[in-house]
Number of protein chains: 2
Amino acid sequence: MKTIPDSLSPQEAWRRLSQLSHYETIFHNVKLANSYVLAEDQLVPEDVPAGHRAFMDGYAVRANDTKSAPIDLQLSGEIAMGESPQGSIQSGQAMRIPTGGFLPQGADAVVMQENTERTQNQIRILKGVNVWENVQVRGEDFRKDEVLFAAGHTLRPQDLAAIATFGITQLKVFRKPAVHIFSTGNELLPYTANKIQTGMIRETNSLSLANAASKFGFEVEVSGIFADEFEVQRNALDQAMKNADVVLISGGSSVGDRDYTLPVIESFADHKIYFHGLAIRPGNPTIFATIGKYSIFGLPGQPVSSLVVFYQFVLPFLFHLAGEKIDYTTFHDSKFVTRNVRLAEPLRPLKTKTDYARLRIFQRNDEWSANPIIGKSASLSTLVHAEGFAIIPPGEEELPAGTLLKAYLFP
Amino acid sequence: MKTIPDSLSPQEAWRRLSQLSHYETIFHNVKLANSYVLAEDQLVPEDVPAGHRAFMDGYAVRANDTKSAPIDLQLSGEIAMGESPQGSIQSGQAMRIPTGGFLPQGADAVVMQENTERTQNQIRILKGVNVWENVQVRGEDFRKDEVLFAAGHTLRPQDLAAIATFGITQLKVFRKPAVHIFSTGNELLPYTANKIQTGMIRETNSLSLANAASKFGFEVEVSGIFADEFEVQRNALDQAMKNADVVLISGGSSVGDRDYTLPVIESFADHKIYFHGLAIRPGNPTIFATIGKYSIFGLPGQPVSSLVVFYQFVLPFLFHLAGEKIDYTTFHDSKFVTRNVRLAEPLRPLKTKTDYARLRIFQRNDEWSANPIIGKSASLSTLVHAEGFAIIPPGEEELPAGTLLKAYLFP
């Protein structure tokens, strides 16, 4: 009787996964987009702002002239927006300037409009200003040749704006891995099937995994359903590797009579099995292997196990390949919304395995409470009724009602 | 001299925003996709599983027969995967069954393969089972006519799987609002501009806002840059409303000589101003108005104010229109990754306004520390260097070093 090993910890599984190197970098032809990771330092190519800019509507002056305010200055012109720095002022002069306008030569401060009174060609300064007051000086925002973003930085919306400010359109980023999923099982029909005979079920793992991936910025290509036959599945994997870096095989990851994922992987000459079987619940019968440069996950067919293993292992692996430096112990804290919850009922973890306990979360007495959801991992309803999950390491005794736990909300 | 009111609290601003009703519901022709909000209760249309299914590889039996195990049963056949419930067993019989297979008539339990020994046409049961042991009974996962998801539920990856299980392809969901952004300013050029003359700057707010929205599942259409002229901007708004529910006007939201957003909105007959000016920093000169059924935000042109106002007001408003029930006091907790940080330097909030303090976050002594970033809101660098922000309500005195704060990480 074959059984699946169940002693490999998530931490050791991650250590093996993280041995694989990041994907090759390319010069990415931007369409600047979220979430790419820089593969090299990006320097600031020029000062921003390119000159001294007014931070308020008012009058460009020499600060020194305003020391003895109130004082009248000669109005020598007006700066327009969207034009190069123009003209200059001498001591005793002022120029009208809008917010964002570039200071004329000679000016080193802006007096707010509120602190002035206008007469014909004179402007009365009611309150003095210091040098650079109400001014954003040249290079104050970004200074030429400073590091704008270090290699390894993940681009956020504001970072795209900063890059675009300089007219940069080519970035050296890590490529995001191309992910492909196919499902195995004689009992499966596409979920679009109208009528199904008893004994068959609709395949939904590819749908939930592809949507889970897209929540985090990864695209998953879905190729379909393949029968429980060695040659059929070997061919499916062979095809999948033609267009993907990472292949997810849903179902068949255990050691039953109809579980072909492992033998299929082993039939490729250049395979390497990193692990088969994890000390976790749900999700024990999980495989990770490489075939040449391709990464292969054998995922449990049960919908709950499938999604849990995706969030716990596949997702950090995708971020890793995409160039992020992953600290596995804080990965979920950095990617999932968390909530501190108090157990309303006791939680009985598995003790020998890391338990991803699904939690029903609700508000009670002005705090968040949670009840563990007891159910078989085949029951999609345990995920549907759960707002989040807690990660309970092995060795924990029963957690009594009242225990505080960190819940990760399902995205 | 015109000034912008600055006494309206974020909470009151939200109360006014939330008066607008959700968008109309439609039967959404699925492509099942993340993040839609159900507009009506979705009931379970049929039992899942449709029959009793084996939860383990093994032998379907009558539990009562195994009471006196070890005992030999007659092997009367084999259940195949993907086939309707077939055959039946009598007392004293067993059928081989794979995980997921439907139990034959008469069977009410499965004996795990590990607990059996096979001889010719006999199977020896080494360990007895209880009724329904190793079986997922009909309707255990989902029972016909129960509420699968209540109206108002936001669809997650596992929920899509649950819906797809039933072959449901039409859902009544809230429509996501169509969002349009245009930017105003004579000094602005498209960020794709190769060379720009001094005095001009590249427009990047539309890029950062569109990417921020896409992080949360909303699409923003960008139409371009319009000059600081009343007619030009009125025309741009008129056009934008043709294809959008919500229009974001970037820049021109203040009361300067070249700020046309407010007069442009007021020039439409059926306008209603909900607010202009908020007691916040950055982001004070923000406008919200409706013109007929269209919602219009006048956003500050400064990049930092723009993104802050987007996350604080536009984003919850988009979720609100998309059908989510928003509790403004917990909105950011439920959408942003948070981190508890300890101030390494004092933070001096504005006292009179809600301060969205940008924080540089780093690890020190095994905990997360943060330094406030001091900078003018025109300085995009303050956002680029910040990992997150804290929301400091008005009235707070200086927060000394050592204070614990909740930081919201920039997505």
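**In H1(B), the residues Pro10(B), Ala13(B), Trp14(B) and Leu17(B) meet Gln312(B), Phe313(B), Pro316(B) and Phe317(B) of H6(B).** The model is predicted: local features need pLDDT of at least 70 and side-chain atom pairs count only at pLDDT 80 or more, while totals for chains, interfaces and linings use all residues. Residues are numbered from 1 along each chain as its sequence is written, and chains are lettered from A and ligands numbered from 1 in the order in which they are written. Seven nonpolar residues and one polar residue form the contact of H1(B) with H6(B), with no charged residue among them. Here Ala, Val, Leu, Ile, Met, Phe, Trp, Tyr, Cys and Pro count as nonpolar, Asp, Glu, Lys and Arg as charged, and the others, Gly among them, as polar. Helices (H or I, at least four residues) and strands (E, at least two) are DSSP runs, numbered from the N terminus.

**Helix H1 (residues 10-17) of chain B packs against helix H6 (residues 303-321) of chain B at an angle of about 25 degrees, their axes 11 Å apart.** H1(B) is therefore roughly parallel to H6(B). Angles under 35 degrees count as roughly parallel, over 145 as roughly antiparallel, 65 to 115 as roughly perpendicular and the rest as oblique. The crossing of H1(B) and H6(B) is right-handed. Axes are lines fitted to C-alpha atoms, for helices over the stretch in contact, and angles run from 0 to 180 degrees between N-to-C directions.

**The axes of H3(A) and H6(A) cross at roughly 25 degrees and come within 10 Å.** This angle makes H3(A) roughly parallel to H6(A). The two helices, H3(A) and H6(A), have a right-handed crossing. From H3(A), Asn205(A), Ser208(A), Leu209(A) and Ala212(A) meet Pro303(A), Ser306(A), Leu307(A), Phe310(A) and Tyr311(A) of H6(A). The contact of H3(A) with H6(A) holds six nonpolar and three polar residues, and no charged ones.

The crossing of H2(A) and H3(B) is right-handed. On H2(A), the contact is made by Pro157(A), Gln158(A), Leu160(A), Ala161(A) and Ala164(A), and on H3(B) by Leu207(B), Ser208(B), Asn211(B) and Ala212(B). By class, the residues of the contact of H2(A) with H3(B) are six nonpolar, three polar and no charged.

**In the interface, 72 residues of chain A are in contact with 70 residues of chain B.** Two residues are in contact if their C-beta atoms, placed from the backbone, lie within 7 Å. Helix H2 (157-165), helix H3 (205-215), helix H6 (303-321), helix H7 (331-335) and helix H8 (380-384) of chain A each give two or more residues to the side that touches chain B. H2(A) supplies the largest share of that side, eight residues. The side of chain A that touches chain B has 29 nonpolar, 28 polar and 15 charged residues.

**Chain A is superposed on chain B by a rotation of 180 degrees with 0.0 Å of shift along its axis (RMSD 0.1 Å).** This is the relation of a two-fold axis. In chain A, the C-alpha of Val337(A) is the nearest to the axis, 2.4 Å from it. The same surface serves both copies, as 97% of the contact residues of chain A recur in chain B. The superposition is by least squares on the C-alpha atoms of residues with pLDDT of at least 70 in both copies.

**Ala69(A) and Pro70(A) are joined by a cis peptide bond, with omega about 0 degrees.** Pro70(A) is placed in the loop between strand S4 (58-61) and strand S5 (71-78) of chain A. In chain B, the peptide bond from Arg281(B) to Pro282(B) is cis, with omega near -10 degrees. Pro282(B) is found in the loop between strand S19 (280-281) and strand S20 (287-291) of chain B.

**Asp366(A), a residue other than glycine, has a positive phi, near 65 degrees.** Asp366(A) lies in the loop between strand S23 (354-364) and strand S24 (367-372) of chain A. Most residues other than glycine have a negative phi.

Key: Left-handed = near helix turned anticlockwise from the far one by under 90°.
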